[in-house]
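Colleague: I am new to reading models of this kind, and I would like to go through one with you slowly. Could you put it on the screen, so that I can ask about its parts one after another?

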Amino acid sequence: MPDDLNWAIGGEAGDGIASTGKIFAQALSRAGRHVFTSKDFASRIRGGYTAYKIRTSVDRVESVVDRLDILIALTERTVDENMDELHEGSVIIYDGERTTMQDLEIPEGMIGLDVPLKSLAEDAGGAIMANIVALGAACEITDFPIENLDESLEKRFGDKGQAIVENNKKAARAGQEYVAEEYADTEFGYEMETTDNDYVLLNGDEAIGMGALAAGCRFYAGYPITPATDVMEYLTGRIDEYGGKVVQAEDELSAINMALGAARAGARAMTATSGPGIDLMTETFGLVAQSETPLVICDVMRSGPSTGMPTKQEQGDLNMTLYGGHGEIPRFVVGPTTVSECFWKTVEAFNLAEKYQIPVFLVADLALAVSEQTFPPEEFDMDEVEIDRGKVVDESEIDSWLDEQGRFQPHFPAADGVSPRAFPGTIDGAHMTTGLEHDALGRRTEEEEVRVEQVDKRNQKVETAREQEDWSCREYGDPDADTLVISWGSNEGAIREGMDLLAEEGIDIRFLSVPYLFPRPDLSDAIENAETTIVVECNATGQFADVIEHDVLERVERINKYTGVRFKADELAKDIKDAMTEPQEAEI
């Protein structure tokens, strides 16, 4: 039996797939098992195939794989959609009493469990609990203590009253007992060990929200958009406990302008959206930079262009975050590569924004945003969070930044590019700022010397940051390997597990995971020392590969996936091996 177990529930949107999967994932994590989840959902309220998959082990898991051991199939299509991942010995749980499932044929070598999910749920108190019956059946198949599921049901339904909780527990036991009695002679071959470990389960959007709170964010404005909405949902209510505010704006233009206003007032402010929202925010993005306002703008990427595929994976916004906006706009682009790093890079993004008075793009992607993963609580040690508000001056310091007429200079041409910053209400700190080119006082100007001075000053921030900050990437594998793999965003976990698979074949690689997209680390030496360099990313044109080739003036191999589905570990192991033996642009 493999060390990990892969479970899934699939059906149509509106069938409670996500909530059922989350309940089981929480039960597994509460039982001291590591969890990594993935979701496949359509951009509609009802109808269309949707699934929630869980990979679980007592050891850390960081990606999905092409193997499915237990499948709860609420529709016949669910089996068809997952056929490539099912294998001999896979268990398929279905309700043969449902009209749409009566003709389901279980593939040869697999185990079909016909469980009357709806009938058992009705006996327990309501047909709506059919999915919970299926979870009870899964507990019996894997010898997983159902008491762990009880805890998750308490958390999910506790606010609905104890009667609802008890009904769900009863439904789960009905599924467990049915399988135990009707399939007593069936050997499933699956067993899930439990441990005493304590884990936190969260996704990338939640980690971004948690990081924003830890960083001192006190104002968030946003407009609901997949897959960034969970950032706003996480902050709603929680931020109020710290004296903050979440505002759901009427559109993305309003959202970024509200956040800009809050930042000008001295609050740490943030907005989050996806590609279409970034398009709309671009004009104000220029104002943020021109006014030298510290602001964090989170872009949770999805498939584009236009409306594209709102619920599918892609890393197609890199060029927009690097180069978007008219004129020449200094900015930082930070891209977390793991769920836990979503927390830490959010904190860092706020510090960078205020330290250099510059807009910061925090770039995640759908796979990172919606995937839930387990971590030990110490992964998010709040005592390690440091807040740097930059060159904020108060009444005791402001005299150093007044001109000969006693006027504060918010755009003083400092050598490092970073001017003093005075919050509203600071004595002698009154000033103005405009989106027009301005002088040191913030007054509009078209004087050539002042224009050059201010442009150079704003651009100097990036150069200062290059020297003062650590823009390193993370390295894994054999530093002396002939093959170098480079990637960004959510691909890190799949690559790391793919490296383990390659190592079993005696193939060593060096892997650089890059969380800083601008400024970014110098990869020249690493690429020069490698015989083959492969860049892995989820887009069609190889946007990051283009950037690297521009930086180092060397050609690189490419593994590009743009199906709307994230990379899998075993898939990447094969693709990397193929690129090593037959160097060519690998596209999926």
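Colleague: Is helix α1 largely enclosed by the rest of the structure or exposed, and how many of its 14 residues are buried?
Modeller: This is a predicted model, in which local features need pLDDT of at least 70 and side-chain atom pairs count only at pLDDT 80 or more, while totals for chains, interfaces and linings use all residues. Residues are numbered from 1 along each chain as its sequence is written, and side-chain values use heavy atoms, with hydrogens and water left out. A residue is called buried under 20% relative accessible area, exposed over 50% and partly exposed in between, with a 1.4 Å probe and protein chains only; among the buried residues of α1 are Ile17, Phe24 and Leu28. Helix α1 is largely enclosed by the rest of the structure, because the number of its 14 residues that are buried is ten.

Colleague: What distance does α1 reach from its first C-alpha to its last?
Modeller: Helices are DSSP runs of H or I with at least four residues, strands are runs of E with at least two, and both are numbered from the N terminus. The expected span of a helix is 1.5 Å times one less than its number of residues. Helix α1 covers residues 17-30, and its reach is close to the expected value, at 20 Å.

Colleague: Which residue forms a salt bridge with Arg173?
Modeller: A salt bridge is a side-chain nitrogen of Lys or Arg within 4 Å of a carboxyl oxygen of Asp or Glu, and the structure holds 39 of them. In the one formed by Arg173, the closest N and O atoms are 2.6 Å apart. Arg173 lies in helix α6 (residues 162-182) and its partner in helix α5 (residues 146-157), so the pair ties together parts that are 23 residues apart in sequence.

Colleague: Which helix holds both Lys345 and Glu348?
Modeller: These two residues form a salt bridge whose closest N and O atoms are 3.1 Å apart, and Lys345 counts as buried at 9% relative accessibility. Lys345 and Glu348 are three residues apart, about one turn of the helix, and the helix that holds both is α12 (residues 339-356).

Colleague: How many disulfides does a search of the whole structure find?
Modeller: A disulfide is a pair of cysteine sulfur atoms within 2.5 Å. A search of the whole structure finds none; for Cys342, the nearest cysteine sulfur is that of Cys298, 7.9 Å away. Cys342 is buried, with 1% relative accessibility, and the number of disulfides found is zero.

Colleague: What is the volume of the largest cavity?
Modeller: On a 1 Å grid over the protein atoms alone, a cavity is a set of points where a 1.4 Å probe fits but cannot get out, and its lining residues have an atom within 4 Å of a point. Grid points are joined across faces, edges and corners, and a volume is the space filled by probe spheres set on the points. There are four cavities of 30 Å³ or more; the largest cavity is lined by 13 residues, with Phe36 and Glu62 among those nearest its centre, and its volume is about 90 Å³.

Note on methods: On a 1 Å grid over the protein atoms alone, a cavity is a set of points where a 1.4 Å probe fits but cannot get out, and a pocket is an open set with protein on both sides within 12 Å along at least five of seven lines; lining residues have an atom within 4 Å of a point.
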